[in-house]
Amino acid sequence: MTKRVAILISGGGSNMVKLVESMVGDHPARAVLVGSNDANAAGLKKAAEMGVDTFAVDHRPFKGDREAFQAELLKHLKAAKPDIVCLAGFMRVLTESFVREWDGRMLNIHPSLLPKYKGLHTHARALEAGDTEAGCTVHLVTPALDDGPILGQARVPILPEDDADTLAARVLVQEHKLYPAVLERFARGDTSPLYLG
Ligand code: GAR
């Protein structure tokens with residue numbers, strides 16, 4: 001049966017667009033909902049233009065009460081009955097209670113070669129460390145930040161002239177290939193890691 005996919009974003013949503021665009025034809029899943037913690041996220045408009053239902057729950061009025069924020073998120077998500085939830089540039093840390101709701105069914109893309117550089121500023125940290133390669137990882141979400149089982153990774157070289165922006169752009173090209181490829185495999189029940197590049 002076709003899997004229902006909800007996607008959470010915080011900004012431009014370029015990964016979300018690639019995911020939605022990929023879920024056509026004999027793909028085992030369809031995008032049913034795109035949500036954001038920012039009503040002005042550019043990605044929400046793009047999702048609506050692609051015909052996907054959208055919603056926003058602004059985290060700011062909750063003043064750091066993550067459980068209350070997540071309860072609102074959950075209401076919207078559960079109403080859409082997703083089989084899979086994809087975090088795609090969703091920049092709020094989720095607590096254990098939320099993560100447990102989607103145990104083994106929530107994916108995230110992170111712009112580093114995990115387990116390196118969990119958290120923020122991944123590209124600047126890779127440059128600072130003198131790394132010669134960088135990349136992105138799609139993983140299952142578990143309560144520990146950026147820590148769940150790896151479903152796929154793509155690598156890119158770091159060039160001598162790189163700054164965080166040029167490196168981020170090179171990694172993003174790979175994110176756009178990796179995430180749709182991993183989601184399709186995952187929706188078919190294949191959780192073996194996919195390595196690109
Ligand atoms: C992507 O590079 C994604 O890997 C990163 O945010 C960007 C979102 O871009 N995610 C994280 O840093 C999660 N901690 P997009 O909105 O254009 O997809």
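Glu49 and Lys45 sit four residues apart in helix 2 (residues 42-49), so about one helical turn separates them. Their side chains meet in a salt bridge, with N to O at 3.5 Å. Here a salt bridge means a side-chain nitrogen of Lys or Arg within 4 Å of a carboxyl oxygen of Asp or Glu. Helices (H or I, at least four residues) and strands (E, at least two) are DSSP runs, numbered from the N terminus.

A quick word on the source: this is a predicted model, where local features need pLDDT of at least 70 and side-chain atom pairs count only at pLDDT 80 or more, while totals for chains, interfaces and linings use all residues. Residues are numbered from 1 along each chain as its sequence is written, and side-chain values use heavy atoms, leaving out hydrogens and water.

How many salt bridges does a search of the whole structure find? It turns up 12. Here are some of them:

| Pair | N to O distance |
|---|---|
| Glu49 and Lys45 | 3.5 Å |
| Lys75 and Glu72 | 2.8 Å |
| Arg170 and Asp162 | 2.7 Å |

Lys75 and Glu72 both belong to helix 3 (residues 66-79), three residues apart, or about one turn. How open are these partners? Buried means under 20% relative accessible area, exposed over 50%, and partly exposed in between (1.4 Å probe, protein chains only). Glu49 is exposed at 59%, and Lys45 is exposed at 58%. Lys75 is exposed at 55%, whereas Glu72 is partly exposed at 26%. Arg170 is partly exposed at 22%, while Asp162 is buried at 12%. Elsewhere, salt bridges that share partners link Glu96, Arg100 and Asp103 into one network.

Now for the largest pocket. A pocket is an open set of points on a 1 Å grid over the protein atoms alone, where a 1.4 Å probe fits, with protein on both sides within 12 Å along at least five of seven lines; lining residues have an atom within 4 Å of a point. This one is lined by 34 residues, and Gly89, Phe90, Met91, Ile109 and His110 lie nearest its centre. Strand 5 gives the most to the lining, with three residues.

In an unreviewed entry, UniProt lists Gly13, Ser14 and Asn15 under "binding site". The lining of the largest pocket includes Gly13, Ser14 and Asn15. Gly13 is buried at 10% relative accessibility, and Ser14 is partly exposed at 27%.

Definitions and conventions
UniProt positions are given in the numbering used here, feature names are shortened, and annotations may be inferred rather than shown by experiment.
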